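Colleague: I would like to learn how to read a model like this one, feature by feature. Where do we begin?

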Amino acid sequence: MPAPVLPLIEAAAHWPERGALVGLDLGTRTIGVAVSDPDRRLATGVETIRCKAFTADAARLLAIAGERHAKGFILGLPINMDGSEGPRAQSTRAFARNLARLTDLAIGLWDERLSTAAVERELIGLDMSRARRARVIDEHAAIFILQGALDRLAAQRRSSGPGDHG
């Protein structure tokens, strides 16, 4: 049975209270990878995977998840500014479905609108060269996506309060 692929808040119901989450920014040629601490407070960059074949890419992602004792994945879903889903969102959903067949870790989808643009502005603000930005943008976008999702999950926990699991 494949792992569930759900919107972030729904996916969170499939994860234990504690444990690292792996955040992914899917590009056409690379996959940015970030991981959270076990308390899910802080996202840290891990690496940028150069896409080869899905099987090899998935094997590396599952290895990272195993090394970090991860409890789930968060995938940035590139939704258009008008809220519609274009070809990139569809390919992200297909990637998530294929990955779900190889793991029992639930996969949460998180709206990543503007993440790459925000990260690019931040790196330009740090006066980073274009070549260096190209090497780190996907990993930094994965950090941005994962941190946004962690912050949303923390807000959700605070609003549901103790004892209220709704």
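**Reading the model**

Modeller: Buried means under 20% relative accessible area, exposed over 50%, and partly exposed in between, with a 1.4 Å probe and protein chains only. This is a predicted model, in which local features need pLDDT of at least 70 and side-chain atom pairs count only at pLDDT 80 or more, while totals for chains, interfaces and linings use all residues. Residues are numbered from 1 along each chain as its sequence is written, and side-chain values use heavy atoms, with hydrogens and water left out.

Colleague: Where is the place of Pro38, and which residues does Pro38 touch?

Modeller: Pro38 sits in the loop between β3 and β4; helices (H or I, at least four residues) and strands (E, at least two) are DSSP runs, numbered from the N terminus. Leaving aside residues up to four places away in sequence, Pro38 touches Arg18, Gly19 and Ala20, where contact means heavy atoms within 4.5 Å. Its C-alpha atom is separated by 9.1 Å from that of Lys71, 33 residues apart along the chain.

Colleague: How is confidence read?

Modeller: By pLDDT, the predictor's confidence in each residue, from 0 to 100. The chain averages 89, and 92% of the residues score at least 70.

Colleague: Is β5 enclosed or open?

Modeller: β5 is largely enclosed by the rest of the structure, because six of its six residues are buried. Gly72, Ile74 and Gly76 are on one side, and Phe73, Leu75 and Leu77 on the other.

Colleague: Which residues of α3 are buried?

Modeller: An α-helix has 3.6 residues a turn, so residues three or four places apart point the same way. In α3, the buried residues are Ala89, Thr92, Phe95, Ala96, Leu99 and Ala100. They are on the same side of α3 because they cover an arc of only 135° around the axis, the arc being that of the directions from the helix axis to the C-beta atoms. These buried residues pack against β1, β2, β3, α2, β5 and β6.

Colleague: What should I know about phi?

Modeller: Most residues other than glycine have a negative phi. Arg40 has a positive phi near 60°, and His69 one of about 55°. Arg40 is in the loop between β3 (30-36) and β4 (43-50), and His69 in the loop between α2 (54-67) and β5 (72-77).

Colleague: Are they buried or exposed?

Modeller: Arg40 is buried, with a relative accessible area of 7%, whereas His69 is exposed, at 59%.
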